Amino acid sequence: MQFLQNSRRIAKFLKPIVITETNPRFYSSASQIPSSFQWRNQTSTSSSLLKGIDRCSHSSSLSLLTPRSSFSSEAEKLAGNPTVVVKELHDKMLDSVNVKRSMPPNAWLWSLIESCQNQDDVNLLFDVLQNLRRFRLSNLRIHDNFNCNLCQQVAKTCVRVGAIDSGKKALWKHNVHGLTPSVASAHHLLSYALEHKDSELMEEVMKLLKTNDLPLQPGTADLVFRICHDTDKWDLLAKYSKKFSKAGVKLRKTTFDVWMEFAAKKGDTESLWKVDKLRSETYSQHTLSTAFSCAKGFLLESKPEEAAAVVQVICQTYPDEKKSSVSTEFKKLVNEWPVDVIKRQTEEDKKALASSLKAGIPSMVNALVTSGLNVSVDLDELYKNEALLS
């Protein structure tokens, strides 16, 4: 009997606990839930809910934002409108290395390079190169980059389609595409800069050559000097001439042609004679262009007889089949050069120089005729020249 009473007492004591802890869901509203449970439940629920939201927000930012940004950025690189042939070759080659785990035929890559027509095609080409490099490294244990010939063709293709920023990647010593940088690849970019008279691109390429330890070559100097000449950047030419000289590059005759012609066009006789001295240390004889540049230098110094002597020597040694080139140089000296050199002078020097050339050029021509040289020059064009009349 006493045991039964104790049991009832214990059951009565435990009853609120059982209801509160195990069955709150059976209450019809929150108002019916005991306050002790309601406070604990709200606190724990709110805490767990906030933690859940925080975890959800964190996981969603990781699982949605980060991958999407990486996927979208990758997609943006390859998005666009590639040509059908390039897209097909790209997909075939990726299927070969990533699915079939075999190296695709070389002919596919060469065909891909030749078929590129725009920037989107080049993007696919670089994607293929990166996948091929990864496959060669991980599966074939080939640590070497692709050969220089392939990399030159990649740079040439980039220039051909106007993908210049992609072409610059061909000059990077450290790259993920397996490209081997070379001066020949740089020359493709410099040729593009020459064609479009882009001195800024030329400077970028020259910086890339220095950064990636690529040696300067005579062909590099030839392109750089011509770009400086065509963009009228005398100071830039002077800057790079020092770099080529310091690197011990032997300049070509054509490079001296451009350099001396530019100096004569600027009316800078001091630089002209320095360059001619440098030229004479490498080449004993003048080219037609350097001879006429020296003649212009003498005319600038009001020495028409010396100018005639230089022209006479080069004309006598020049082959008959190239006499038309001599006639072209005479016309440039009479019709074009006076305008170019006078407009580069200060206002106070223009009139004096015009007067000097107006008298000096006919004197040079007469001296040549007197020496027995057949000179085909229309001096009437000289007298009509507005630069000399001003």
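A residue is called buried when its relative accessible area is under 20%. Keep that cut-off handy as you click around this predicted model.

Start by selecting glycine 178. At a relative accessible area of 1%, glycine 178 falls under the cut-off, so it counts as buried. You'll find it in the loop that links helix H7 (164-168) to helix H8 (183-195). Now show what surrounds it: leaving out residues up to four places away in sequence, glycine 178 touches Arg133, Asn145, Phe146 and Cys151.

Next, pick helix H4, residues 106-115. Which of its residues are buried? Colour Leu109, Leu112, Ile113 and Ser115, since these are buried in H4. Their packing partners are helix H3 (84-98), helix H5 (119-138) and helix H6 (148-161).

Time for the largest nonpolar core, which has 73 residues; select Met202, Val224, Phe244 and Met364, the members that touch the most others.

Zoom in on valine 224. Setting aside neighbours within four places in sequence, its contacts are Leu190, Met202, Met206, Tyr240 and Phe244.

For the last stop, select Val86, Val97, Leu132 and Leu179. They are among the 26 residues of another core, which lies apart from the largest one.

Terms used. Residues numbered from 1 in each chain as written. Predicted model: local features only at pLDDT ≥ 70, side-chain atom pairs only at ≥ 80, totals over all residues. Heavy atoms only, no water. Core = buried A, V, L, I, M, F, W, Y, C linked by side-chain atoms within 4.5 Å. Buried < 20%, exposed > 50% of the residue type's maximum accessible area, 1.4 Å probe, protein only. Contact = heavy atoms within 4.5 Å. Helix = DSSP H or I, 4+ residues; strand = E, 2+ residues; numbered from the N terminus.
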